[in-house]
Amino acid sequence: MKKQAFKEDFFRILFFLSAATAIVAIILICLFIFMNGLPFIGKYGIGRFLLGKDWSPSNSPASFGILPMILGSLLITAGAIVVGVPTGIFTSVFMVYYCPKPLYRFLKSSINLMAAIPSIVYGFFGLQLLVPWIRSFSGNGMSVLTASLLLGIMILPTIISLSESAIRTVPASYYSGSLALGASHERTIFSVILPAAKSGVFSAIILGIGRAIGETMAVILVAGNQPIIPSGLFEGTRTMTTNIVLEMAYASGQHREALIATSAILFIFILMINACFAYVKGKSVHD
C-alpha cells in the first residue's frame with residue numbers, strides 16, 4: 001500500500017510540474033514581451049506607433065510607424081483564410097464521407113507529410129513556382145496574393161486534420177437519423193454533421209489563423225518585404241513577423257525597442273484571436 005501511495009504521489013507531482021512548466025513559460029514570455037515593448041510604445045506614442053505609415057529607423061529623426069506591417073499581416077492572413085479554410089473543410093468532409101479507402105491512406109499520408117515540411121521549403125516552392133506564375137499576370141510576382149496563396153497551402157494540414165477528427169467524433173446516430181427523416185446525404189453533412197462538429201472545426205480554423213499570422217520564413221521569400229501600405233493584391237508588403245526577423249540582427253537602442261514593441265502588438269493580436277474563439281466556442285456550447 002505504501003508503494004502504491006508513493007507511486008500515486010510521484011506521478012501527481014510529475015503531472016503538476018509538467019502543467020506548471022507550461023504556465024510558467026507563458027508567464028515569462030508575457031513578462032519579457034510586455035516589459036520590454038510597452039515602455040517604448042508609451043514613450044513614442046501609441047497613436048504614432050500603431051497608425052504611423054513611415055518605418056525609417058535609420059533616418060534622423062527615426063520613424064517607427066507599423067501601420068503598413070499591421071495591414072500587411074491582416075491582408076495576407078485574410079487571404080490565407082479565404083484560400084485555406086474552405087479547401088481544408090471540404091477536404092476533411094471528402095476524407096470522411098466520400099474518399100475510397102485506398103485513396104484515403106495515400107491522402108492521409110500526404111497531409112501528414114505536408115505538416116512536416118519546413119517553412120523554408122514552402123518558401124522556396126512559392127519563390128520558384130508561385131512567384132513566376134503571379135508575375136505573368138501583374139507586377140514582379142512578390143505580392144500579397146502570392147503570400148496569401150502560399151500561406152493558404154501551409155495551413156491546410158492543420159485545418160484538414162483537426163476538422164476531420166472533429167467530424168469523426170459526431171455520433172453516427174446523427175447521420176443515420178437525418179437520413180431516416182428524409183434528408184439527402186449532402187444536406188445531412190452540411191446541416192447536421194458540420195454544425196455538430198463546429199467546435200472542433202472552429203479550433204482548426206483558429207490554429208490555422210495562428211499559423212498564418214505568425215509565419216515568417218516562407219513569407220519573407222514571396223511577399224516583397226516593402227514597408228508600405230499595398231495598393232492592391234499584386235503589390236508587395238511586409239508583415240510584422242518579417243519586419244522583426246529582417247531587422248533584429250542589426251538593430252540596437254530605440255530601433256531594437258521598436259521591434260520588441262512590434263512583437264508585443266503581434267502577441268496582443270494572437271490573444272484577441274484566441275479570446276474571440278473562446279467566446280464563439282462558449283456561445284456555441286450554450287446554444
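Me: Why is Ile-27 called partly exposed?
Reply: The relative accessibility of Ile-27 is 44%, so Ile-27 counts as partly exposed. The cut-offs are these: buried means under 20% relative accessible area, exposed means over 50%, and partly exposed is in between, with a 1.4 Å probe and protein chains only. Ile-27 belongs to helix H1, residues 2–44; helices (H or I, at least four residues) and strands (E, at least two) are DSSP runs numbered from the N terminus.

Me: Before we go on, what kind of model is this?
Reply: It is a predicted model, in which local features need pLDDT of at least 70 and side-chain atom pairs count only at pLDDT 80 or more, while totals for chains, interfaces and linings use all residues. Residues are numbered from 1 along each chain as its sequence is written, and side-chain values use heavy atoms, with hydrogens and water left out.

Me: What makes the nonpolar surface patch that includes Ile-27?
Reply: Ile-23, Val-24, Ile-26, Ile-27, Leu-28, Ile-29, Leu-31 and Met-35 make this patch, which covers about 740 Å². Patches are made of residues with over 30% relative accessible area and no salt bridge; nonpolar side chains (Val, Leu, Ile, Met, Phe, Trp, Tyr) are joined within 5 Å, and like charges within 9 Å. The areas come from the Shrake-Rupley method with a 1.4 Å probe, and for residues only the protein chains shown count as cover.

Me: How do you know that Lys-43 forms a salt bridge with Glu-257?
Reply: The closest N and O atoms of Lys-43 and Glu-257 are 3.5 Å apart. A salt bridge is a side-chain nitrogen of Lys or Arg within 4 Å of a carboxyl oxygen of Asp or Glu, so the pair qualifies. Lys-43 is in helix H1 and Glu-257 in helix H13 (residues 254–286), so this bridge ties together parts that are 214 residues apart in sequence.

Me: Are the two partners buried, partly exposed or exposed, and why?
Reply: Lys-43 has a relative accessible area of 59%, so Lys-43 is exposed. Glu-257 has 30% relative accessibility and therefore counts as partly exposed.

Me: What makes Lys-108 and Glu-164 a salt bridge?
Reply: Their closest N and O atoms are 2.9 Å apart. Lys-108 sits in helix H4 and Glu-164 in helix H7 (residues 156–168), so the pair ties together parts that are 56 residues apart in sequence. Lys-108, Glu-164 and Arg-168 are also linked in a network of salt bridges.

Me: Why does Glu-164 get the label that it has, and what about Lys-108?
Reply: Glu-164 has a relative accessible area of 2%, so Glu-164 is buried. Lys-108, at 22%, is therefore partly exposed.

Me: How many salt bridges are there in the whole structure?
Reply: A search finds five. Another pair is Arg-238 and Glu-247, whose side chains meet at 2.9 Å, N to O; both of these residues are buried.

Me: Why is Leu-113 called exposed?
Reply: Leu-113 has a relative accessible area of 56%, so the label is exposed. Leu-113 is found in helix H4, residues 101–116.

Me: What makes Thr-77 buried, and which residues does Thr-77 contact?
Reply: The relative accessibility of Thr-77 is 6%, so Thr-77 counts as buried. Thr-77 is in helix H3, residues 67–97. Apart from neighbours within four places in sequence, Thr-77 is in contact with Ile-209, Ala-212 and Ile-213, where contact means heavy atoms within 4.5 Å.

Me: Where is Thr-216, and why is Thr-216 called buried?
Reply: Thr-216 is in the loop between helix H10 (198–214) and helix H11 (217–222). Thr-216 has 14% relative accessibility and therefore counts as buried. Leaving aside neighbours within four places in sequence, Thr-216 is in contact with Thr-241, Thr-242 and Val-245.

Me: What about Asn-225: buried or exposed, and why?
Reply: Asn-225 has 17% relative accessibility, so Asn-225 counts as buried. Asn-225 lies in the loop between H11 and helix H12 (240–248). Phi of Asn-225 is near 55°, a positive value in a residue other than glycine.

Me: And what does the protein chain contain as a whole?
Reply: The protein chain has 13 helices and two strands. Buried residues make up 38% of its 287 residues. The chain exposes about 15500 Å², with carbon and sulfur atoms supplying 70% of that area.
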